[in-house]
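Visitor: I would like a close look at one part of this structure, namely the side-chain contacts. Please take me through the charges and the rings.

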Amino acid sequence: MKKNFVSTQQPQENAVVIAVCTKKGDALNRKIDEITRLSVSAGLNIVKSFYQIIRDFNKATVLGSGKVKEIKDFIDNCEEIIDVVIIDYPLSGSQMNNLSKEFKVKVIDRVGLIIDIFARRAKSREAKLQIKLAQDLYILPRLSQMQGTSGRFGSAGVGMRGPGESKLELNRRILEHEMESLRKQIDNIKNQRQATRKERLKSSLPKIALVGYTNAGKSSLLNLLVKENIYADDRYFATLDTTTRKLYLEQDKYAIITDTVGFISDLPHQLVDAFSSTLEEATDADLLLHVVDISLMNEENGEKEYQANMKVTNTLLDRLGATKNRITVYNKADLLSKPILLKENEVLVSTKTKRGIDLLLNMIKKNLYY
């Protein structure tokens with residue numbers, strides 16, 4: 001007898017993305033590329049990309065009326081059914097509601113998109129609790145104006161996944177009560193982790209933290225250094241949970257090395273708060289390995305993309321008070337078409353070909369032991 005199998009996998013959603021430039025110096029091509037990669041990381045199929053350079057800010061929709069009409073006409077006449085519109089800008093509940101009424105499809109802003117990706121990637125109990133809290137922090141100020149929007153466009157897909165699927169049906173009192181409970185649970189886990197960290201700090205082993213822009217190759221580098229097979233993928237925020245391992249340097253010399261969550265420009269403040277635990281690893285470290293994707297050579301406004309990524313990471317590290325003892329690890333050397341000039345405490349590596357790994361290990365030993 002022939003068996004019929006039914007797939008439980010959700011069909012890929014079709015999306016329209018809109019990159020938004022609101023201030024002088026915004027790199028348009030970089031913004032288009034980043035919101036597109038974020039959308040792909042969320043499992044979306046990008047049908048069309050638009051952009052809007054905003055000079056006269058529209059409080060009701062952010063986008064100008066002409067751009068709203070252009071996008072609406074495209075959605076109405078598109079051969080493919082558009083399921084969601086992604087706006088590369090933080091929207092209020094009313095702006096989201098106004099745009100979804102105009103386009104007659106679900107509208108997700110940059111913050112909601114990143115939180116959705118985090119919800120897909122979270123594995124540990126702590127990460128899932130932190131995502132729940134980030135979702136609640138995001139939804140609470142928008143609750144009254146977002147009520148019912150999920151009902152119009154279904155309760156599945158991007159922006160409706162993970163622990164926050166039914167949040168739009170909760171009232172403010174229940175949501176605030178849940179947030180209080182989540183904070184207590186996270187604090188308990190944080191206290192347990194701090195006790196473990198204190199024990200680690202008591203040891204004579206120096207601490208190393210891997211930091212860098214998302215998708216720079218931190219997890220792949222960790223795999224090479226500790227000779228393990230920790231999950232890594234070519235997507236934004238492929239891994240969220242902190243991973244700590246013991247790193248052998250030479251006879252009787254070891255270090256503790258920790259991978260941290262990837263940085264990104266305009267990281268939602270809800271996630272900075274929720275993921276402060278993984279960023280604490282950077283502030284405790286004796287040495288930072290700042291991993292940079294050196295293959296990002298596209299230039300805009302006189303600055304290459306990899307340099308812009310470095311600036312985002314260094315700014316946040318400085319704000320956290322992280323150590324200045326840093327090695328810049330330029331990764332993906334196998335994709336370079338011409339050599340680059342290296343400064344002190346900079347090294348060129350390829351996690352794919354293993355180029356430069358021995359040199360990096362020597363630099364780590366020099367920075368920690370000599």
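Guide: A charge sits over a ring if NZ of Lys or CZ of Arg is within 6 Å of the ring centre and within 35 degrees of the ring normal. Lysine 48 meets this rule, lying over the face of phenylalanine 50 at 5.6 Å from the ring centre. Lysine 67 lies over the face of tyrosine 51, at 5.7 Å from the ring centre. The model is predicted, so local features need pLDDT of at least 70 and side-chain atom pairs count only at pLDDT 80 or more, while totals for chains, interfaces and linings use all residues. Residues are numbered from 1 along each chain as its sequence is written, and side-chain values use heavy atoms, with hydrogens and water left out.

Phenylalanine 50 also takes part in a ring pair. Rings of Phe, Tyr and Trp (its six-membered ring) pair if their centres lie within 6.5 Å; planes under 30 degrees apart count as stacked, over 60 as edge-to-face and the rest as tilted. The whole structure holds 3 aromatic pairs. In one of them, the ring centres of phenylalanine 50 and phenylalanine 74 are 5.7 Å apart and the planes stand at 75°, so this pair is edge-to-face. Because phenylalanine 50 lies in strand 2 (residues 45-53) and phenylalanine 74 in helix 2 (residues 65-77), the pair ties together parts 24 residues apart in sequence. Helices (H or I, at least four residues) and strands (E, at least two) are DSSP runs, numbered from the N terminus.

Buried means under 20% relative accessible area, exposed over 50%, and partly exposed in between (1.4 Å probe, protein chains only). Phenylalanine 50, at 6% relative accessibility, is buried, whereas phenylalanine 74, at 23%, is partly exposed.

Next come the salt bridges, each a side-chain nitrogen of Lys or Arg within 4 Å of a carboxyl oxygen of Asp or Glu. The count by this rule is 15. Lysine 31 forms one with aspartate 88, with the closest N and O atoms 3.7 Å apart. This pair links distant parts of the chain, since lysine 31 is in helix 1 (residues 28-41) and aspartate 88 is in the loop between strand 3 (84-87) and helix 3 (93-103), 57 residues apart. Lysine 31 is buried at 14% relative accessibility, and aspartate 88 is buried at 3%. Arginine 110 forms a salt bridge with aspartate 88 as well, the closest N and O atoms being 2.9 Å apart. Arginine 110 is also buried. Lys31, Glu34, Asp88 and Arg110 are linked in a network of salt bridges.
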